[in-house]
Amino acid sequence: MGGIKKGLNKKSIITALILILVYIILYYMIKTRVINPYKSQILIIIGINIILAASLNLILGFTGQLTLGHAGFMSIGGYTAAMMTLKFHLPFAAALLAGGLFAALISYLFGLPILRLKGDYLAISTLGFGEIIRVIIVNLDFIGGPRGLAGIPKKTTFTWVYVITVLTVIIIYNLIKSTYGRAMISVREDEIASEAMGINTTKYKIIAFVIGGFFAGIAGGLYAHLIMFLDPKTFGFLKSMDILIYVVFGGMGSISGSILSASILTYLPEVLRSFSDLRMIIYSILIIVLMLFRPEGLMGSKELSLNTFRKLSNTGSLKRGGKK
Amino acid sequence: MDFLNFLQQLINGLSLGSVYALIAIGYTMVYGIIKLINFAHGDIYMVGAFIGFYSVTLLKLSFIPTLILAMAGSAVLGVIIEKVAYKPLRNSPRITLLITAIGISLLLENGFRFIFGPNPKPFPEVLPAKIIYLGPIRIGLIQIIMFTVSMVLVLALQFIVYKTKVGKAMRAASFDTETAQLMGINTNNTISFTFALGSALAGAAGVLVGIAYPRIDPYMGIMPGLKAFVAAVLGGIGVIPGALAGGLMMGTLETFTKAYISTKLSDAIAFSILIIVLIIRPAGLLGKKTNEKV
Amino acid sequence: MKTKKLLSFITAAALLITSVTGCSSKTSSEDVKEIKIGAMLPLTGDIATFGQSAKNALELLTEQVNKEGGIDGKTVKFVYQDDENKPASSANVTQKLINDEKVVALVGSIGSTCSIADGPIATENKIPMVTPTSTNPKVTTEGGEYVFRACFIDPFQGTVLAKFASEDLKATTAAILYDVANDYSKGLAEYFKANFEKAGGKVVAYETYNTGDQDFNAQLTKIKSLNPQVLLIPDYYQTVGIIAKQARTAGITATFLGGDGWDSPELFTIGGDAVNKGYFSNHYSPDDKAKEVQDFISAYKAKYNTTPDALAALSYDAGKILLDAIDKADSLDGVKIIEALKATNGTFVSGSVTYDKDRNPVKGAVIIKTENGKQVFEKKVNP
């Protein structure tokens, strides 16, 4: 027990130091315009997409529930946060939190009846839900309706996104390593068996759904205060597909996979802007090929960590967190 | 006056519904036999419309040959998709299959957008836009044709499924695939045949829609596909007459919602119906309740 | 072993970081030999013909200006980016144009939803922006100090149409069928309704649909039973064509009215005979005998072999207004350019332009009649 604890602390300290170092480097590059505002916006969007991918991965990759309406929660969080800022002049952190909490609430209300469904039916229901959200927003004139909501102050900065992204990843990662996480994974692996073992599968599905929805809401709030404008059409079925692609590509069940894929798949289209038409075709072919030949994605269910390097070198090291 | 209005709206609803029915039948057939929601089905409908479009504009074909060509083309496409993407994954977890289906759907949409451009294309007039009067009720000739063709195809399908050997194989395979195989049925071919039939119907729907609402674009399959799926679930997934009933109901419900409640909410209501049905009576109207065996 | 892996990881990270920082900027204003102006336009997407017309017009303008020696000896160059008529993309390419391409001014976008998203970015970066065709008032009110436009705004368009309907067509009842998810359509519908009712008319039906809908029979059957004299269809040409066709099939005999979204030859391809004998408000008419109009039309025809639509005319004007301001300001500094813009006072293809305090131009509109598959000038309406 004591030995593992020591290992944890050392590893955490190294990780923390690396994170702080990276932050300082990037921050100064942005401040001095070595990274210009257009590129720094891409970095911010990468952060937002990491939060989205990680939150969806919690529901899909770890708990095995295919939800196709994730963008709906992003829009709920975004609109709520924006209204908090615009109408109630709440400080940024409070607005974001409000967005996340409201999104979590809706996830809960929606999840209660829906999460009893399995596989395909759940997928279609969540898809329908995402569309219902979009239609409701279009019909609410006081949040802009089809015109969208404009004039949102730009409060999202690199610092905010970096901190929140790191926090999100840490929270989700620790959740997965905990008993909650193990229960979720058992639901994914074999729902009937885990029910038979006494695990309340519905409870854990809802927990994953709500937490996933919470972070999607936070991502939405960050997005709203970055683009300064919310358009209900942005958060439709296609956006949910985008997030799904991040998760599938990175590996359902790997947080570091989600981080990698969200980064790559956000950055690449900017570089290949001239080929944007081809991009979606390549993505779709990629998904199909991936499912046929490497359904576990980039990282499978493994995590990239300092231990990965150690594992590859030594024989007698502790194998931590290894999935099958 | 109000009753006549109601009748007119009913006719509108039924003709809209016949389109949903055609697409829904394809969904339900495929689901019945391999328990997969073929996400790409709505896009096969779109491909049918495009094949129809080019048959008319480039090949200068008339209505019936166009319809046949579109149905054939869609059938071929359906079979190819099944062989390339679904068959290898038949023993994979459901999520993998579902995501693959989504991938195919995106590929079709974006591929067509890339090849043919994203701009909607105006479908030329293949059938005269005549109007038939029953008193003050107006029915477009095209609406009648749409409804009639749908009915004819459904009857033909019923014939195939219940009166032919292939149909028997289909029914057997959808009931219990493994046992059917043990009994000597070539399930692979049966499944391909099912896909071919379902896709042909979707393709037909595409052409009919292209003629009736003369504007086609690569993304036209998404919404009708989703609504048709709701129709299939409503009627009872896996049950062909259910898909027909579900489709007609969806069309009428949507029309009446737009006419009497609110046009803004018609989409939301469609999806709400889906969710309610799935929660309360997942087997749908005509479906059978199945228990999941451990 | 461990060090090697760590080293490769650090190298990869370093590569990523360098690629993100990319090529650094060099320009100092002295060695600038060209005036770079960004144009974010919907070159693909549901209003692609609009974007294409705009691009054509700007390219024509570029050619003409540079043939005369440019502005203060500097060549004019437009950098085009496709925003697909999606606001998120539009905001993105605006950022790209400002920060990567380092443009000194912007022309765009076409759709109001996109321009609303772009405006704040332009203002934040002190880059003047002139939208050729976005008619939603929010574009300038939400956009900020640096956003101007070359066209009239929807409240004006709605008023013009309502006035035409009640005074010229002598209509007392009207129905409106609009796209609830499109702010252009919705805005025009609202302003028409308000003004038509103020003039004493009655709006008997105020029905909606969603973008992308194909079947309007439910709404049209409802409208038919109320027997309006005019039917307002304030949407883009593709949808208008289909609605018109279905409306006639449903037995609606009302005169169709619309806004500048009707302006495309494809209106007739899609709508066929159903769209004839209708009227729509627009920014200019090729039949206008004014010198600026005819010069523009002949130059455009010579280069592209087709008559320019209002999109082209307005984009040409937007570009010209901007270049004139840059010339007058004698500087590439945003602050000075907007001062010059505010003082604009000239006659352009789409009419005379002066700016009010909201940076909207005070200018007139034209009513165009659709007849036999062609546009026919009906009358001019001044504010």
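Analyst: The axes of helix 1 of chain B and helix 9 (residues 222–235) of chain B come within 8 Å and cross at roughly 70°. Axes here are lines fitted to C-alpha atoms, for helices over the stretch in contact, and angles run from 0 to 180 degrees between N-to-C directions. Helices (H or I, at least four residues) and strands (E, at least two) are DSSP runs, numbered from the N terminus. This is a predicted model, in which local features need pLDDT of at least 70 and side-chain atom pairs count only at pLDDT 80 or more, while totals for chains, interfaces and linings use all residues. Residues are numbered from 1 along each chain as its sequence is written, and chains are lettered from A and ligands numbered from 1 in the order in which they are written.

User: Are helix 1 and helix 9 of chain B roughly parallel or roughly perpendicular?

Analyst: Helix 1 of chain B and helix 9 of chain B are roughly perpendicular; angles of 65 to 115 degrees count as such, under 35 as roughly parallel, over 145 as roughly antiparallel and the rest as oblique.

User: Which residues meet there?

Analyst: From helix 1 of chain B they include Tyr20(B), Ala24(B) and Tyr27(B), and from helix 9 of chain B they include Pro224(B), Ala228(B) and Phe229(B). Contact requires C-beta atoms, placed from the backbone, within 7 Å. The residues of this contact divide into 11 nonpolar, two polar and one charged. Ala, Val, Leu, Ile, Met, Phe, Trp, Tyr, Cys and Pro count as nonpolar, Asp, Glu, Lys and Arg as charged, and the others, Gly among them, as polar.

User: Why is helix 1 of chain B described as largely enclosed?

Analyst: Because 26 of its 33 residues are buried, helix 1 of chain B is largely enclosed by the rest of the structure. A residue is buried if 20 or more other C-beta atoms lie within 10 Å of its own, exposed if 12 or fewer, and partly exposed in between, with C-beta atoms placed from the backbone.

User: What span should helix 1 of chain B have?

Analyst: At 1.5 Å a residue, helix 1 of chain B (residues 2–34) should span 48 Å, which agrees with the 46 Å between its end C-alpha atoms. The expected span is 1.5 Å times one less than the number of residues. Lys35(B), with a positive phi near 55°, follows helix 1 of chain B.

User: Next, how many residues of chain B are in contact with chain A?

Analyst: There are 32 residues of chain B in contact with 32 residues of chain A. Helix 4 (94–116) of chain B gives the most to this side of chain B, with 14 residues. By class, that side has 22 nonpolar, seven polar and three charged residues.

User: Turning to chain C, what is the strand order of the five-stranded sheet?

Analyst: That open sheet of chain C has the order 2-1-3-4-5, with parallel pairing; two strands pair if DSSP finds at least two bridges between them. Strand 2 (75–82) and strand 5 (147–149) of chain C stand at the edges, each with a single partner strand, so one side of each is left without a neighbour in the sheet. The twist averages 25° from one strand to the next.

User: How many bridges join strand 1 to strand 2 of chain C?

Analyst: Eight bridges join strand 1 (residues 34–41) of chain C to strand 2 of chain C, and the two run parallel. Lys36(C) has Lys77(C) in strand 2 of chain C as its bridge partner.

User: What lies across this sheet?

Analyst: Helix 2 (residues 48–67) of chain C lies across strand 1, strand 2 and strand 3 (105–108) of chain C, at about 165° to strand 2 of chain C.

Key:
Two residues are in contact if their C-beta atoms, placed from the backbone, lie within 7 Å.
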